Every structure is written in C-alpha cells, then in structure tokens.
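Welcome! Please take a look at the sequence and the structure shown here, and keep them in view as you read.

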Amino acid sequence: MDNNNDNRKDKDREQEYMKTSEQELDRKPPKEEQGLDKPKTTGYPPLQLGLIVFGIAVLVIVGFAIGFDWFGLFGN
C-alpha cells in the first residue's frame with residue numbers, strides 16, 4: 001500500500017513539474033527598450049577610465065620635461 005502511495009506522489013510531483021515548466025515556456029521574453037526609453041550608452045569602467053587619465057597625464061609631464069630640458073638631454 002505504501003508503494004501505491006509513493007507512485008501517486010511521484011506522479012503528482014511530475015505533473016506539478018510539467019505545469020511549472022509549461023508556464024515558464026509560455027512567458028514571453030522582456031521587450032527590449034530602445035530610443036528615448038533606454039538610451040544605448042557606452043562607457044569605460046572607472047578603473048579603465050582612471051588608467052587612461054593617468055597615462056595621458058604621464059605623457060603630458062614627460063612631454064614638458066623633454067621640452068624644458070629637465071633631463072639634460074639637450075644641454076651644453
């Protein structure tokens with residue numbers, strides 16, 4: 001008798017699983033928003049932006065250093 005009850009419980013679980021699976025399949029994917037609703041933006045992550053700014057600053061400082069002969073490269 002326990003075996004019969006176990007079989008019913010298993011079938012009930014299977015049917016519940018199938019209902020849940022069918023409901024998930026019936027869901028429509030969310031609509032992609034475009035234009036004014038959700039503008040597409042591209043941006044750098046903060047760390048990458050910081051590295052870019054740092055690199056430009058180093059190049060500017062090295063450019064000034066060479067231009068004003070801080071390294072003594074063109075001195076007499």
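The short report below walks through some features of this structure.

## The chain as a whole

This is a predicted model. What does the protein chain have in the way of helices and strands? There are 2 helices and 0 strands.

Of the 76 residues in the protein chain, 1% count as buried. The chain exposes about 8000 Å², and carbon and sulfur atoms supply 59% of that area.

## Checking the length of helix H2

Helix H2 covers residues 46-67, which makes 22 residues. At 1.5 Å a residue, H2 should span 32 Å.

## A pair of rings

A pair of aromatic rings is described by the distance of the centres and the angle of the planes. How many aromatic pairs are counted here? The count comes to 1. Phe64 and Phe68 form this pair, with 6.0 Å from centre to centre and 5° between the planes. Planes under 30 degrees apart count as stacked, so this pair of Phe64 and Phe68 is a stacked one.

Are these two residues buried or exposed? Phe64 has a relative accessible area of 47%, so it is partly exposed. Phe68 reaches 58%, so it is exposed.

Now for the backbone. Most residues other than glycine have a negative phi. Asp69 is not a glycine, yet its phi is positive, at about 60°. You will find Asp69 in the segment after H2. Its relative accessibility is 29%, so Asp69 counts as partly exposed.

Notes
Residues are numbered from 1 along each chain as its sequence is written. This is a predicted model: local features need pLDDT of at least 70, side-chain atom pairs count only at pLDDT 80 or more; totals for chains, interfaces and linings use all residues. Side-chain values use heavy atoms; hydrogens and water are left out. Helices (H or I, at least four residues) and strands (E, at least two) are DSSP runs, numbered from the N terminus. The expected span of a helix is 1.5 Å times one less than its number of residues. Rings of Phe, Tyr and Trp (its six-membered ring) pair if their centres lie within 6.5 Å; planes under 30 degrees apart count as stacked, over 60 as edge-to-face and the rest as tilted. Buried means under 20% relative accessible area, exposed over 50%, partly exposed in between (1.4 Å probe, protein chains only). Accessible areas come from the Shrake-Rupley method with a 1.4 Å probe; for residues, only the protein chains shown count as cover.
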